[in-house]
Amino acid sequence: MKIIYKIALLNVLFLVACGGGGDDSPEPPPPVPAPSATTLIFPEDNTECNEGQIINDTQSSVTFRWNASQNTDSYEVVIRNLNNGNITRRSVTATEAPIAILRGTPYAWSVISVANGTTETASSSESRFFNQGPGVENYAPFPALAVSPFRGETIASSTTVNLEWSGSDVDNDITSYEIFFGIDAEPITSLGSTEELTIDVSVTPGQIYFWRVITTDSAGNTSQSEIFQFRVA
């Protein structure tokens with residue numbers, strides 16, 4: 001009997017020591033909430049930025065500012081040179097960042113909200129501006145943006161498509177848009193110039209098309225949009 005009692009007692013001690021008989025595993029941590037998108041403050045959309053600190057003839061330091069967003073630990077500022085497409089990125093924890101950029105150059109910028117513990121992010125809207133340059137009296141228009149068809153869209157089978165775009169200019173003196181359109185990845189066929197923001201084009205079902213817009217202002221300044229692409233089903 002003593003042997004049986006000792007074995008039973010050892011089994012009880014073993015269960016207690018190893019946590020047997022119950023589930024004491026910790027609760028999993030709650031999921032990290034996704035960050036919210038911020039709203040941009042400065043530079044404002046479609047304006048000339050003339051508040052930068054001049055570094056030299058070609059560069060100035062501009063302090064980009066935005067609002068704090070919920071559930072956010074840091075921000076990534078994304079600045080795109082609209083002349084050459086080069087992108088500058090800067091990660092910060094504050095809601096502003098001084099960044100050196102080229103003078104007399106059009107830019108687009110946005111901010112990505114980031115939270116520790118999750119891969120989810122949130123992006124602000126994008127604003128475009130001209131960084132003031134030395135002796136510039138009239139700025140070139142901003143490159144046009146495709147409205148319809150949007151980039152990479154597949155549209156329903158048709159023989160006619162209405163191209164639509166948007167244009168903007170700090171000086172508000174755009175005079176015309178020249179449209180280049182075709183099946184070549186670098187469209188070279190001009191459809192002519194128009195003061196409107198739309199134009200109808202003939203298409204063939206099953207074909208991929210490319211188009212771009214050259215914007216001209218009253219001073220003869222021009223800007224060239226990106227190449228937009230769409231497919232006809």
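Does glutamate 186 count as buried, exposed or partly exposed, and what is its relative accessibility? At 48% relative accessibility, glutamate 186 counts as partly exposed. Keep in mind that this is a predicted model.

**Salt bridges**

Let's stay with glutamate 186 for a moment. Its side chain meets that of arginine 212 in a salt bridge, at 2.9 Å from N to O. Glutamate 186 sits in the loop between strand 14 and strand 15 (190-194), while arginine 212 belongs to strand 17 (residues 208-217), so the pair ties together parts that are 26 residues apart in sequence. Arginine 212 is buried, with a relative accessible area of 10%.

The count of salt bridges comes to five. Here are three of them:

| Salt bridge | N to O distance |
|---|---|
| Glutamate 186 and arginine 212 | 2.9 Å |
| Glutamate 126 and arginine 80 | 3.1 Å |
| Arginine 80 and glutamate 226 | 3.3 Å |

The bridge to glutamate 126 links distant parts of the chain: arginine 80 is in strand 5 (residues 74-81), and glutamate 126 is in the loop between strand 9 (121-123) and strand 10 (127-131), 46 residues apart. The bridge to glutamate 226 spans 146 residues, with glutamate 226 in the loop between strand 18 (222-224) and strand 19.

How open are these side chains? Arginine 80 is buried, at a relative accessible area of 19%. Glutamate 126 is partly exposed at 40%, and glutamate 226 is partly exposed too, at 36%. Arg80, Glu126 and Glu226 join Arg151 in a network of salt bridges.

**Aromatic pairs**

Now for the rings: there are twelve aromatic pairs. One of them is phenylalanine 181 with phenylalanine 230, a stacked pair with 6.3 Å from centre to centre and 20 degrees between the planes. Phenylalanine 181 lies in strand 14 (residues 174-182) and phenylalanine 230 in strand 19 (residues 228-232), so this pair ties together parts that are 49 residues apart in sequence. Phenylalanine 181 is buried, with 8% relative accessible area, and phenylalanine 230 is buried as well, at 1%. Elsewhere, ring pairs link Phe64, Tyr107, Trp109 and Phe129 into a cluster.

Three strands make an open, antiparallel sheet in the order 11-13-16. Its edges are strand 11 (145-148) and strand 16 (198-202), each of which pairs on one side only. Neighbouring strands are turned by 35 degrees against each other on average, ignoring direction. Strand 11 is joined to strand 13 (residues 160-166) by three bridges, and alanine 146 stands opposite tryptophan 165 in strand 13.

Notes:
Residues numbered from 1 in each chain as written. Predicted model: local features only at pLDDT ≥ 70, side-chain atom pairs only at ≥ 80, totals over all residues. Heavy atoms only, no water. Phe/Tyr/Trp six-rings, centres within 6.5 Å; stacked < 30°, edge-to-face > 60°. Helix = DSSP H or I, 4+ residues; strand = E, 2+ residues; numbered from the N terminus. Buried < 20%, exposed > 50% of the residue type's maximum accessible area, 1.4 Å probe, protein only. Pairing = 2+ DSSP bridges. Axes fitted to C-alpha atoms, helices over the stretch in contact; angles between N-to-C directions. Salt bridge = Lys/Arg side-chain N within 4 Å of Asp/Glu carboxyl O.
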